[in-house]
Amino acid sequence: MNDSEERLNDPLRPLFLQIKAEDEAAEALPASFREEALRRMRKAAAARRRRSEAMGLLAVTVASAGIMALAVVALLKADLLPTAGWKVPEPPEGLAFYACVGGLTLLLLLADCVIRRRVMHD
Amino acid sequence: MASISIRMEMYPDTHYAALAAGGDEGAFACLVDRYSRKVHQLILRLVDSREDAEELAQDVFMKVFRNLGSFKGECSFSTWIFRIAYNTAISATRKKRPLFTPVDEGVMECLPEVSEEGGDRIAYLRRAMEALASGDAAIIMLFYMEDRSVDDIASITGLSASNVKTRLHRIRKRLFVLITQNEGV
């Protein structure tokens, strides 16, 4: 006797099917269950989207900072600056210069972030 | 709206799963509609309280949503969602009730003896089910009420197919004996 025949001939089967029918009527989920599940899903989806955006922004920031650092190192190592006729100030005296460059970088990153958010929201 | 839900009912679970993984609320709602009652029923066999069962069912759907991306279709979607429901309920009840009665010690020793009330087979079967360890009750529920195959049950519970077969055989045999004895009282 195969599995399906065995199931059909199982004397317990009709009893369990009757229990199932009774339970379905008696143990119905409240109507709010569906709405609550969807509300939680929306919340989880929003959190996932925010996390994804934050990770994207972090990746862009790190990559930008890395590229800029690499460019600065390359310029200094290749000794290209004198040919431009301009001397990079040494750290103690040139703090204002570096602060200016850093500030400008942050400003550009901030602008990038704002533009990205606007484009994504649109 | 009605036409959307009618159209959506025509597609298989995997279609909705793929859409819901991308954040489609309508597709996720369809999966909730299809499985909420079944998931709730399974959890109710494993936990004692209806409130706990409802909250755990909500947790199951959250886990489903978060893990939809990892569903590769190696088993059917229903088996996958039942596995999540089973594991969620088992984690919640592990400390309260024994999951399985060791087979060697006799799965059936925990069942009540022939009812003194006699007569009502359904009522007696219910009492017998309540006396089962939660894991055994879940196996019986999946087999009879959800029409799951032994392999499906093994996949859902994490037991070997032969272990599921042995448990099913012993529980069914004893239940049958008890029911028929009860009728003779």
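1. In this predicted model, the contact between the chains draws on 22 residues from chain A and 26 residues from chain B. On the side of chain A that touches chain B, α2 (13–26) and α3 (32–77) each supply at least two residues. The most is given by α3(A), with ten residues. By class, that side of chain A comprises twelve nonpolar residues, one polar residue and nine charged residues.

2. One helix pair spans the two chains. The axes of α3(A) and of helix α4 (residues 50–67) of chain B come within 10 Å and cross at roughly 40 degrees. The crossing in which α3(A) passes α4(B) is right-handed.

3. The residues that make this helix contact can be inspected directly in the structure. From α3(A) they are F33(A), E36(A), A37(A), R40(A), M41(A) and A44(A). From α4(B) they are E54(B), Q58(B), F61(B), M62(B), F65(B) and R66(B). The contact of α3(A) with α4(B) divides into seven nonpolar, one polar and four charged residues.

4. Chain A contains four helices and zero strands, and its pattern along the sequence reads α-α-α-α. Of its 122 residues, 2% count as buried.

5. Chain B comprises nine helices and zero strands, in the order α-α-α-α-α-α-α-α-α from the N terminus on. Of the 185 residues of chain B, 37% count as buried. Among contacts in chain B between residues at least 6 apart in sequence, 62% join residues at least 24 apart.

6. At 1.5 Å a residue, its 17 residues should span 24 Å, and its end C-alpha atoms are 24 Å apart, which agrees.

7. Which residues of α5(B) are buried? They are F77(B), W80(B), I81(B), F82(B), I84(B), A85(B), Y86(B), T88(B) and A89(B). The cover over these buried residues includes α2 (13–21), α3 (25–46), α4, α7 (134–144) and α8 (150–157) of chain B.

8. The crossing in which α2(B) passes α3(B) is left-handed.

9. The contact between α2(B) and α3(B) is made by D13(B), Y16(B), A17(B), L19(B) and A20(B) of α2(B), together with A27(B), F28(B), C30(B) and L31(B) of α3(B). By class, this contact has eight nonpolar residues, no polar residues and one charged residue.

Definitions and conventions. Residues are numbered from 1 along each chain as its sequence is written. Chains are lettered from A and ligands numbered from 1 in the order in which they are written. This is a predicted model: local features need pLDDT of at least 70, side-chain atom pairs count only at pLDDT 80 or more; totals for chains, interfaces and linings use all residues. Two residues are in contact if their C-beta atoms, placed from the backbone, lie within 7 Å. Ala, Val, Leu, Ile, Met, Phe, Trp, Tyr, Cys and Pro count as nonpolar, Asp, Glu, Lys and Arg as charged, and the others, Gly among them, as polar. A residue is buried if 20 or more other C-beta atoms lie within 10 Å of its own, exposed if 12 or fewer, and partly exposed in between; C-beta atoms are placed from the backbone. Axes are lines fitted to C-alpha atoms, for helices over the stretch in contact, and angles run from 0 to 180 degrees between N-to-C directions. A crossing is left-handed if the near helix is turned anticlockwise from the far one by less than a right angle, and right-handed if clockwise. The expected span of a helix is 1.5 Å times one less than its number of residues.
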